[in-house]
Amino acid sequence: GEIIKKCLRNIGSNYQVIIVENSNKEDIKIDIEKNFLNAKCIILRKNYGYGIAANAGIECVKTKYAFLLNADVEIYDYQIKEIESEVKKLNNNFSLISPFYDDFKDFMENNKFDKFSNLNKKINLEKNIEEVNLIKGSSMLFNLSRFKGKIFDENFFIFFEEIDVCKKLIIKNEKIYLMNRIKIKHAGNKGIENINHNEMDNIRNWHYYWSSFYYHKKHYSFIKSLVVHSTKLIKFFILKNLYKLFKNKKADTFKFRFNGLFHSILGKKSSDGPVPGGR
């Protein structure tokens with residue numbers, strides 16, 4: 001699609017790029033590899049979700065570092081050179097790093113993803129580089145020497161994968177950095193083509209709450225996760241039926257939130273949920 005082509009044009013031809021296509025669209029692979037000689041496209045045959053796709057791409061990387069980008073991130077070759085310079089200064093003393101992106105501040109300061117530990121931190125934009133507790137999955141540069149095995153937990157389909165990775169790094173006292181001086185743009189939810197707004201909202205609502213329960217169960221216990229999610233489960237159940245009674249469109253919102261959370265409580269897989277087509 002045009003989104004990935006725009007991203008490749010911005011990156012330029014000096015870097016080897018691995019694209020993981022979460023579909024069976026062989027024509028995308030042919031088109032990309034024909035027009036961008038520095039790009040290799042892996043076809044996964046169907047949409048397995050973010051974690052599996054990211055792991056598949058990272059496994060193909062032969063260099064010391066792997067820079068994971070969403071297709072809808074706007075970054076240029078000169079910025080990648082700036083990132084390389086900052087990484088060199090750290091002298092390998094980090095596990096994960098990212099340039100600053102336009103929606104990062106909101107992501108870090110206004111979303112309490114972990115209900116038991118405070119991963120949130122105020123961003124000091126006056127610092128060129130600072131240590132943080134979270135990096136958003138749209139832009140992640142991995143120091144591969146600090147990781148063993150698969151980086152992402154493949155039980156997640158979308159949401160909380162990067163939070164899970166950061167949580168594991170914090171437990172091990174590994175360093176995560178944000179480069180505030182290097183600013184990139186993230187379009188947000190533009191990486192999936194040919195899907196309508198309502199369908200994407202339903203998918204996001206289902207998987208967000210599936211992933212939230214699974215994350216807390218994984219790191220704290222089933223009981224603790226149930227405690228922090230039980231009020232939402234009851235609320236979603238009441239609202240989905242109330243809005244349905246009045247034939248309000250919001251019924252779908254709460255239906256998908258309830259179903260995703262309930263499936264996670266039952267221990268069912270995230271892949272059982274609604275799946276978008278494409279990347």
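The model is predicted.

**Whole chain.** The C-alpha trace spans about 55 × 45 × 35 Å along its principal axes. For 279 residues, a compact globule would have a radius of gyration near 19 Å, and the protein agrees with 19 Å. Of the residues, 49% count as buried.

**Charges.** Colour the 48 positive and 32 negative charges; their mean positions lie 5 Å apart. The structure holds 15 salt bridges.

**First stop.** Select Lys6 and Glu74. Their side chains meet in a salt bridge, 4.0 Å from N to O. Glu74 lies in strand S4 and Lys6 in helix H1, so the pair ties together parts 68 residues apart in sequence. Lys6 is partly exposed at 45% relative accessibility. Glu74, at 25%, is partly exposed too.

**Next stop.** Select Glu26 and Arg45. This salt bridge is 2.6 Å, N to O. Glu26 sits in helix H2, and Arg45 in the loop between strand S2 and helix H3.

**Then.** Move to Glu131 and Lys175, whose closest N and O atoms are 3.7 Å apart in a salt bridge. Glu131 belongs to strand S6, while Lys175 is in the loop between helix H6 and strand S8, 44 residues apart. Glu131 is partly exposed at 33%, and Lys175 is partly exposed at 27%.

**Last stop.** Select Asp153, Asp164, Lys168 and Lys218. A network of salt bridges links these residues.

Conventions
Residues are numbered from 1 along each chain as its sequence is written. This is a predicted model: local features need pLDDT of at least 70, side-chain atom pairs count only at pLDDT 80 or more; totals for chains, interfaces and linings use all residues. Side-chain values use heavy atoms; hydrogens and water are left out. The radius of gyration is taken over C-alpha atoms; the globule rule is 2.2 Å times the number of residues to the power 0.38. Buried means under 20% relative accessible area, exposed over 50%, partly exposed in between (1.4 Å probe, protein chains only). Lys and Arg count as positive and Asp and Glu as negative; His and the chain ends are not counted. The place of a charge is taken as NZ of Lys, CZ of Arg, CG of Asp or CD of Glu. Helices (H or I, at least four residues) and strands (E, at least two) are DSSP runs, numbered from the N terminus.
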